[in-house]
Structure formats: C-alpha cells, structure tokens
Amino acid sequence: MQTSQASVPRTTAPLLRRLGVVAGATGAAVITWFLIEALGHDIVGPAFGDSPPMDVRLAPVTVSAVLAGLAATAALAAFERFSSRPRRSWRVLAGLVFLVSLGGPLGGTGVEAYDRLALLLLHAVVATGLIVWLPGGDK
C-alpha cells in the first residue's frame with residue numbers, strides 16, 4: 001500500500017516558515033507583556049511633544065509586533081531578489097532599524113526607568129526573534 005504525502009510547494013514553504021517566525025516573535029512579545037504586567041506594574045510609554053504619557057496595552061504591542069514582522073519579511077524578500085548577499089544585507093538593515101526603534105523607549109518624558117526598561121525589553125524580544133530566525137540558514 002502506497003501512502004501519499006501532502007507537500008507544500010517549494011515557493012510557499014519559506015513564506016509559511018517566515019510567517020511562523022513573525023507569529024513566534026509576536027507571541028514572545030505578548031508573553032513578555034503579560035509577565036511585565038504580572039509583576040504589578042502597568043507599562044507607560046513616554047510623552048512626546050504635547051501628548052501625555054500613555055499606558056501601553058496589549059493590542060498595540062501585538063499589532064506593532066505583527067507589522068514589524070511583516071515589514072521585515074517584505075524587506076528580506078526584496079533583498080533576496082535584488083542583493084548578492086541578502087541575509088547579511090538584511091541583518092545589517094534589521095539591526096539598524098532596531099537601534100532606531102529604541103529612540104521611542106529612550107526618548108520622551110514622564111516615565112519611570114522601569115517603564116523604559118520594559119519597553120526596551122519588548123523591542124529586544126521582537127527584534128531578536130526576527131533577526132535571528134527570519135532569514136533562516138545561510139546560503
């Protein structure tokens with residue numbers, strides 16, 4: 001008796017793996033948010049300009065992680081199409097984007113050091129997941 005294995009087309013498999021990485025990085029951010037909140041401190045984002053400091057809720061954390069992951073996936077696909085060293089180029093860009101993103105938690109006013117640390121941790125969790133796992137193995 002012969003068994004057939006359903007397989008994912010070769011062109012779809014990398015995209016599905018990458019979407020799994022985006023989901024994993026988002027899940028890690030959600031878990032991190034819950035752990036920080038479980039310590040009894042509501043995360044507050046710094047104020048910029050005339051706006052007051054704002055509570056950092058789960059929905060914006062989740063949406064931000066998903067959007068960052070999708071943008072990273074699109075950028076990686078573009079590098080793979082147009083660059084001779086796509087993974088290296090993408091990791092350099094991703095690292096620079098991560099460093100720039102730290103301006104949010106480190107800037108502004110009206111928050112405690114704990115809030116800044118919590119925001120830095122959220123940024124680092126998502127960035128680490130994406131930078132390490134999104135490109136896959138070296139080619």
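Does Pro-105 count as buried or exposed, and at what relative accessibility? At 2% relative accessibility, Pro-105 counts as buried, a class defined as under 20% relative accessible area with a 1.4 Å probe and protein chains only. The structure is a predicted model, in which local features need pLDDT of at least 70, side-chain atom pairs count only at pLDDT 80 or more, and totals for chains, interfaces and linings use all residues. Residues are numbered from 1 along each chain as its sequence is written, and side-chain values use heavy atoms, with hydrogens and water left out.

Pro-105 lies in helix 4; helices are DSSP runs of H or I with at least four residues, numbered from the N terminus. Beyond its neighbours within four places in sequence, Pro-105 is in contact (heavy atoms within 4.5 Å) with Pro-46, Arg-116, Leu-119, Leu-120 and His-123. Between Pro-105 and His-123 there are 8.7 Å in space, C-alpha to C-alpha, and the two are 18 residues apart in sequence.

Leu-122 touches Ala-29, Thr-32, Trp-33, Ile-43 and Val-61, with residues up to four places away in sequence not counted. In soluble globular proteins, nonpolar side chains tend to be buried together.

Technical notes. Helix = DSSP H or I, 4+ residues; strand = E, 2+ residues; numbered from the N terminus. Buried < 20%, exposed > 50% of the residue type's maximum accessible area, 1.4 Å probe, protein only.
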